Amino acid sequence: MTDQKHTPLHALHLKLGAKMVPFAGYAMPVQYPLGVKKEHEHTRQQCGLFDVSHMGQILVSGPDVASALETLIPADLVGLQEGQQRYGLFTSTDGGIIDDLMAVNAGDHFYLVVNAACKDQDLAHLRTNLGTTHKIEPLDRGLLALQGPQAHVVMQRLCPEACELVFMQHQRFTIDGHEVWVSRSGYTGEDGFEISIAADACEAFAERLLAEPEVEAIGLGARDSLRLEAGLCLYGHDMDTTTTPVEAGLIWAIGKPRRHGGERPAGFPGADLILHQVDAKDHSRKRVGLQAEGRAPIREGAILLDAAGNEIGVVTSGTFGPSVGMPVAMGYVSREWESPGSNVFAEVRDKQLPVTVTLMPFIKPGYFRG
């Protein structure tokens, strides 16, 4: 346990009675005394506060920075207006996904948020490919996610200007003398804000948020069930270097200007394979939603079978969805089984449980679009 890194909120997690677990090299709270189910429900009904300071925060600056980043990411970053945020992917030369990330056009530079387990390799990737022409600066800042239908009520008390943001907008504000970088986004399917703040100010700011009556501290357990109900991928589980963006159902993350016939087609690693899959639709598998009968969750790694017992796929994430009242999962199936309503079976403890392929998300998202 001694070699695990700590976020700026480590002491606060212990003070709040969190159960700590190793995650991506950090000691992180998996749950608090409230418990995973109630933390999940509280976030859906009111507002939850998540410590996501383990994520990587990186500034990239230099000439034509958007164009430079487009050599690594298939998103439309050149067309991203200042103050806007966009979901992106680092792709490999063989079409796989190295990591997924958020990219913000911050004017004369881009601000990236990458996954904790991938941040060292992402930094190396950026430096190898852009480091001779661009400045790549990792940041030591805290990162909080305030999520839920009452998040805007809480933010209105602290920073009313931030409530003018709409989904996937980003701006910098001053709260209590500290510069905070706020985006209206998150990983729960709910309205909310992600807030980057100086590491030494993070604990006091978190305590101020937790003092609001709507807010509870939420751990990784509920974060996982919330994002799964929202149909959101978890890197290293629902996508990885063996998965292409098309197989993962992330065609929308490939900007139209970057596709064949667009203004700036290709030019990113693995473009030939990825764009061929976009055009020809000849990939062999697809990420889908899965709903099981009963209440027993179908866990990651469960093999998916057809009625004859032939292996047709695998579950990559699965849990019981408290908001939908049933087990929910996502995974990959052969293309002939990708249509919603397809009936397949999951192998669980030598039993074959019926599972139905379904559309995602499992809940109606609450993103604030204005």
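Colleague: Which residue forms a salt bridge with Lys 15?

Modeller: Glu 207 does, with the closest N and O atoms 3.0 Å apart. A salt bridge here is a side-chain nitrogen of Lys or Arg within 4 Å of a carboxyl oxygen of Asp or Glu. This is a predicted model, where local features need pLDDT of at least 70, side-chain atom pairs count only at pLDDT 80 or more, and totals for chains, interfaces and linings use all residues. Residues are numbered from 1 along each chain as its sequence is written, and side-chain values use heavy atoms, with hydrogens and water left out.

Colleague: Where do Glu 207 and Lys 15 lie?

Modeller: Glu 207 is in helix H6 (residues 199-210) and Lys 15 in helix H1 (residues 10-15), so the pair ties together parts 192 residues apart in sequence. Helices (H or I, at least four residues) and strands (E, at least two) are DSSP runs, numbered from the N terminus.

Colleague: Is Lys 15 buried or exposed?

Modeller: Lys 15 counts as exposed, at 61% relative accessibility. Buried means under 20% relative accessible area, exposed over 50%, and partly exposed in between (1.4 Å probe, protein chains only). Glu 207 is partly exposed, at 32%.

Colleague: And what about Glu 190 and Arg 44?

Modeller: Their side chains meet in a salt bridge, 3.1 Å from N to O. Glu 190 counts as buried at 10%, and Arg 44 counts as buried at 13%.

Colleague: Other topic. What sits over the ring of Trp 181?

Modeller: The charged end of Arg 172, 3.9 Å from the ring centre. Arg 141 also lies over the face of Trp 181, at 4.0 Å. The test is NZ of Lys or CZ of Arg within 6 Å of the ring centre and within 35 degrees of the ring normal.
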